[in-house]
Amino acid sequence: MTSLLQNLIDGLGQGSIYALLALGVAVIFGVMHLLNFAHGELITVSGYAAVAAFGSNLSWWLVAPLIIVVSIVTSLVIERVAFSRVRGASEFTQLLTSFGIHIIVSAVLIMSVGASVKTFAEPPWIFDRIDVGPLSLEKFDLLVIAVTAVTLAATTWLLQRTTFGLSLRAAAADFDTARLMGVDSDRVIRGAFALSGALAGVAGIFWLMRAGNTDPSAGIDPMLKGVLAALIGGLGSLRGAVLGGLALGVAEVLLRSQLPSSVAVLTDAVVFGLIAFLFIFRPQGLITVQHAERV
Amino acid sequence: MKARVFPLAGAALLFVGIVGVGLLFETIQGGSAAERLVTAMFINAIIVVGIQIYIGNTGVFSFGHIGFAAIAGYAFALFAIDPSDKAGRIADAPFGLADVSASVPVAVLIAVVVSVVIAAIVGIGLARSGAQSGAIAATVITLALLFVTHEVARSWSDVTGGERAGLTFGIGETLDGRVAVYGALFASLAIALLFARSGSGRLAKAGREDALAARAMGIDPRVQQTIALLLSVAVVAVGASLRVYEVGSIQPGQFFFDYTLLTLVMLVVGGRNSVTGAVVGVVTITFVRELARRLGSEGFEVFGLGLDGVPLDWVFREGLPRVVLGLAMVGFMIWRSKGMLDDWELDEWLRRRFTSDQEAPMPAEAHSGTAASNQLVARDVIVDFGGFRALNGAEMAASSGEVVGLIGPNGAGKTTLVNVITGMVPPTSGVVALDGQQGEIDLTSAAPYKVARAGLVRTFQNLRLFSSLTVLENVEVSKLVAESHRPSERDVGAEELVAAAGLWEHRDRRASELDYGNSRRLELARAAAMNPDFLLLDEPTSGMSDSESLNMVEHVRGMAELVGAGVVVIDHDLQFIVGICDRVYCLDQGSVIAEGTPDEIQADPAVQAAYLGSAANT
């Protein structure tokens, strides 16, 4: 029982990061119907910004906000340079565009800073633990959970209580109609990319803290987790994305602790396989409302 | 037989083209590096052409083909590598895999069989998910296949040799000479072009263009997609085996993201909807990438220009080939998303070049002989959409030889009734039955393609043509379905129908290039080609001027008589309805409120009230 609770809390710590990533993926999918394979590049680029900042002897307290800013800017630049030009194109075109961006970013990094792994110091307290009764909790996990909760609360406020949030939700429900109703599509899409970048930035801080390094293809892993979690949540459903992220984190920790290590490394594959299997029966996504096609 | 001449000639020309370019490069460059590059290009061409068979014909996007390639590659390596070479790596392999061995051709065959069996399983899943162009489910399922295969290859080291070591051929036991590669390359080109021209390939393309319209024409796109998938994976499996045989080893990373990227870039840059495009893409990307690689490692020295002093070091570096690939992908997606050649195909060009100009076939005579006595009946149809009752006990009947109209104000349920009859909306309750050419059939809730095959064929309110197929191909597709499902002793050919629709001079143009009136006529001809018992026309004159819609009256009558079909037509245009119909049903709020000749209907007070509102309503 105790170990289960322990696993659950560890899993929520891990899952919170995935939830933020998944939310970013889901926001973009909602407005553009694009499964963004370039989402992880926000963390790759932020990672190199962090490397540069540590090179100038900045502390984590200054690097953290920097990561968020870099992530937002990167997200907006990618939108401006590439995605804005394929808006309204087929899903096929958009998907391959995001795939291409992933390749370009990682290759440019190989060219400019080299393929080798760059390391930096994790914060000294990262492995500190607090004992609560029989549980031994990582400070880091608690911090992640708290920050994620605050970020999600802020995002909810943004989406539910502001005009921008209303336009974004309207655009996600029916993009064309929202435009006809006077929603400025450019602004909404840029806003969605900024929001997605900000969420990836917050996730990126923790991702990088834990990893302590980055390399040109570091974006694949967070992208995969974000996409998987968003898929679990039903793609496009924002609440689903958050739940999907938490579920993925908990599932990973549980499987790692319960299964022999040779099988546990297959967690991602098993989860992905299961999702694919579910998609066979719910092709529109697991939670998404179906839009009937008019004939 | 004659139909196969052009695809085979096209395959031969493409083969000569790519092999010629390869050998020319080898001769100019010399050396074993150039030789290896060219062999790799040929093998990549086999794999890319294999992927094209699926993506090009079905429009379903697959990330998973390199996953199939990995499966085939491992199957091939496990059987082709001599047990003595495997002993060190996978001595503990289950099922005695460490000790099996087979000749190379047999190993290739095993690789094909294994990967095709897995493709069949995945194909069932894809079909179940209703894969179609742009479907996210297909992306997810195929991407999952790629990742799962990769993870399994990495972790199941008892069989695969694990992440780094992999499986390796003994020295001197790898691909020697190119005969096998040439054979496989020509075969893959021939298979791809023959499939594209085959009935199955053309039906698959109809599904690619518009899955819903394809189903309404009696096509079950899932069947064609599955055939395309199996064929495609078989070709990819041969290519993957050769790739492993040529490299001499296999590791998980060899068939993963990077190779997926490379093959997809080759396919989309050349033009995914064309085999010729796939080949052009392979050649182009191979040499562009090689150029980038050399510039990256040697700078301008490559050209002996001695420009090394120019400060371009930041460009000419390791990583340049990847940047070029990525830029090619994004650039083509932004500026030319259908690739260099779009769907231009060499064999089709040959056919047009070398077949003489045909005369328009004589307009066929109207259907004569014993008048058919088919009956279409819909009874007590109720449809609830959530809490809203769209149809409330609606009914209608039609017999062959007559034109029956369905009218009613907006929201009366006309289109819903046609959707129920054609299987696109399942009724909450009620009966749809057809007594036609194939005897009496209950069609209640039957799948749309079954309804079409039974003899009820529809057109759409918002025109749904197979837009990138030619005018003639649009009609031929229906004809193909009719040939296997609706045989008739008196067959009106596709060309005759196109001529009858007044579209003969446009027959080789894409459907998307037609103007509105011609598009409507093509849609009608395509439906008529199904040799239907009944044509159901959903607002055939919407958006037409008065004179055009009068013209359409003649046209609909002519087509119906030509194929001997009864007609059910929905329209708002009272002039059109009065001009064409023998009998009219008027629907309001989901039920029939009047039935009779056009004159009776026009005089009916209930109809007038429904259209204009009565004192009681206001």
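I start with a strand pair in chain B: β3(B) and β6(B), the latter covering residues 429-436, run antiparallel and are joined by six bridges. Strands count as paired if DSSP finds at least two bridges between them. Helices (H or I, at least four residues) and strands (E, at least two) are DSSP runs, numbered from the N terminus.

Before going on, the provenance. This is a predicted model, in which local features need pLDDT of at least 70 and side-chain atom pairs count only at pLDDT 80 or more, while totals for chains, interfaces and linings use all residues. Residues are numbered from 1 along each chain as its sequence is written, and chains are lettered from A and ligands numbered from 1 in the order in which they are written.

Back to β3(B). In its pairing with β6(B), B:Gln375 has B:Asp435 as bridge partner. β3(B), residues 375-385, also pairs antiparallel with β4(B), residues 388-399, through nine bridges. There, B:Leu376 is partnered by B:Ala398. These two strands form a hairpin with two residues between them, and B:Gly386 in the turn has a positive phi of about 60 degrees.

Next, the domains of chain B. An automatic or database domain assignment gives domain 1 (2-253) and domain 2 (375-612). Their centres, over C-alpha atoms, are 44 Å apart.

Now the two chains. Their contact takes 39 residues from chain B and 37 from chain A. Which elements give two or more residues on the chain B side? They are α5 (104-128), α6 (136-155), α12 (257-270) and α14 (320-335). Of these, α6(B) has the largest share, 11 residues.

Last, helix α2(A), residues 41-55. Its 15 residues should span 21 Å at 1.5 Å a residue, and the end C-alpha atoms are 21 Å apart, which agrees; the expected span is 1.5 Å times one less than the number of residues. Its buried residues (20 or more other C-beta atoms within 10 Å of their own, with C-beta atoms placed from the backbone) include A:Leu42, A:Ile43 and A:Val45. The buried residues pack against elements of chain A including α3 (60-81), α4 (91-113) and α8 (185-211). Just after the helix, A:Asn57 takes a positive phi of about 65 degrees.

Definitions and conventions: Two residues are in contact if their C-beta atoms, placed from the backbone, lie within 7 Å. A residue is buried if 20 or more other C-beta atoms lie within 10 Å of its own, exposed if 12 or fewer, and partly exposed in between; C-beta atoms are placed from the backbone.
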